[in-house]
Amino acid sequence: MNFNIQDIVRPNIQRLKPYSCARDEFKGRPARVFLDANESPYNQPYNRYPDPLQEELKKLLSEVKCVPADQIFLGNGSDEAIDLVYRVFCQPGIDNVVAIEPTYGMYGVCADINDVAYRTVPLEPGYRLNAEKVLAATDAQTKVIWLCTPNNPTGNALNRTEIEKILDNFRGIVVVDEAYSDFSAERPFRVDLERWPHLIVLNTFSKAWGCAAIRLGMAFASKDIIALFNKVKYPYNVNELTQQKAIAMLHDLTKVNLWLAAIRTERPKLMAAFAELSLCEEVYPSEANFFLARVTDADVIYNYLIECGIVVRNRTRVALCGNCLRITVGSPNENTELLAALRKFRVNGGKA
């Protein structure tokens, strides 16, 4: 597909002269004494600003994710990358984006914050993606299509052929959010970036890596798109503590892989046991670290679990998710406690 990134970048972003921080200016030359950034000489190492482009971390991440370091953007959670998509490509009050429904809510929140029209296309029965309907919702002012796979809150992986139809036929930015891809057997789209220059793939340290507290999100894209993100982002957007913790995790892949194996083992067992509960009407397929289940009365069951000290996510007010609860796969003990409480729900008539 003939695609020129400059055709869809906001004019003011094309003209933008990015802020040049002190660490950028001496880059590549040896230094021992730092008197350039108005830092305190005391309290090392926390007195120094972090690497603005996280080069050591990206080098390690590149080896794990099989993506060149210059095609990786790191941000304050995936939400920073989501917001940057709007800030780089969408003119407020003029452009629009298209997303499936239901899906991750921050796509819509960021659209509202940036004054960009947010169009939704309901998924087909079984939460299936229909590429033709998504493409039909676009027009000349559509700059971005949002796709989450495995999808949140439904848990299912979107059909790859349908995603490829969108990638092959849409001339704006296509964002494939793979926050939960580590739990899926599907081929990740990040390894096919060369095929689609308008593709952005999101990922996160919050899920499979067990690092939600450090707030580190990833975006994989062409060098041109990553350069635009780096141009617009704030200078030191990922702090030193976050970078060091992520580096430590990348050196401990064995532990992370054990966590992944444990969750993949627990997921089908928990889903099967949940499906046998009298209050459960349907458990939907999942390739994430959670599953969506339709129950007899989501509000009542959710409040009952709260009384038991157990928190799940009530999705009954989300489009196409009436009377649905989203259940994260926990440890074996946590899953056992959830099931025990729900079995008592039947016996006690809905009281803790």
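Mentor: Before we start, a sorting rule: Ala, Val, Leu, Ile, Met, Phe, Trp, Tyr, Cys and Pro count as nonpolar, Asp, Glu, Lys and Arg as charged, and the others, Gly among them, as polar. Also, this is a predicted model, where local features need pLDDT of at least 70 and side-chain atom pairs pLDDT 80 or more, while totals for chains, interfaces and linings use all residues. Residues are numbered from 1 along each chain as its sequence is written, and side-chain values use heavy atoms, with hydrogens and water left out.

Trainee: How much space lies in the largest cavity?

Mentor: About 110 Å³; volume here is the space filled by probe spheres set on the points, which are joined across faces, edges and corners. There are 13 lining residues, and Thr149, Glu178, Glu186, Arg187 and Phe189 are the closest to the centre of this cavity.

Trainee: And what classes are in the lining of that largest cavity?

Mentor: You get 6 nonpolar, 3 polar and 4 charged residues.

Trainee: On to pockets. Which residues lie nearest the centre of the largest one?

Mentor: Look at Tyr104, Gly105, Asn152, Tyr180 and Arg326, out of 30 residues lining the largest pocket. Two or more lining residues come from each of α4 (77–89), β2 (96–101), β3 (117–122) and β11 (324–328). Those labels are DSSP runs numbered from the N terminus: helices are H or I with at least four residues, strands are E with at least two.

Trainee: What's the volume of the largest pocket, and how does its lining divide by class?

Mentor: The space in the largest pocket is about 580 Å³. Its lining has 12 nonpolar, 10 polar and 8 charged residues.

Trainee: Asn152 was on that list. What kind of peptide bond joins Asn152 and Pro153?

Mentor: A cis one, with omega about 25°. Pro153 sits in the loop between β4 (142–148) and α7 (160–169).

Trainee: Where is Pro45, then?

Mentor: Pro45 is in the loop between α2 (22–25) and α3 (55–65). A cis peptide bond joins Gln44 to Pro45, and omega there is about 0°.

Trainee: Is Asn43 buried or exposed?

Mentor: Exposed, because its relative accessible area is 56%. The cut-offs are under 20% for buried, over 50% for exposed and partly exposed in between, with a 1.4 Å probe and protein chains only.

Trainee: And what about phi at Arg215?

Mentor: Arg215 has a positive phi near 55°, and this residue isn't a glycine either. You'll find Arg215 in the loop between β6 (199–204) and β7 (217–220). With a relative accessible area of 34%, Arg215 is partly exposed.

Trainee: Back to α3. Which of its residues are buried?

Mentor: Leu57, Lys58, Leu60, Leu61, Ser62 and Lys65 are. The cover over them includes β1 (72–75), β6, β7, α8 and α9 (240–250). After α3 comes Cys66, with a positive phi near 60°.

Trainee: You mentioned α8. Which residues of α4 does α8 meet?

Mentor: On the α4 side, Ala81, Leu84, Val85, Arg87, Val88 and Phe89 meet Ile225, Leu228, Phe229 and Val232 of α8; contact means heavy atoms within 4.5 Å. The residues of this contact between α4 and α8 are 9 nonpolar, no polar and 1 charged.

Trainee: What about the second largest pocket: how much space is there?

Mentor: About 400 Å³. Thr328, Val329, Gly330, Glu334 and Asn335 are the closest to its centre, among 19 lining residues. The elements giving two or more residues to that lining are α10 (253–275), β11 and α12 (332–348).

Trainee: Which element gives the most to the lining of the second largest pocket?

Mentor: That's α12, with 5 residues. By class, the lining of the second largest pocket has 10 nonpolar, 4 polar and 5 charged residues.

Trainee: Where does Phe345 lie?

Mentor: Phe345 is in α12. Its relative accessibility is 13%, so Phe345 counts as buried. The C-alpha atoms of Phe345 and Leu277 are 9.9 Å apart, with the two 68 residues apart along the chain.

Conventions
On a 1 Å grid over the protein atoms alone, a cavity is a set of points where a 1.4 Å probe fits but cannot get out, and a pocket is an open set with protein on both sides within 12 Å along at least five of seven lines; lining residues have an atom within 4 Å of a point.
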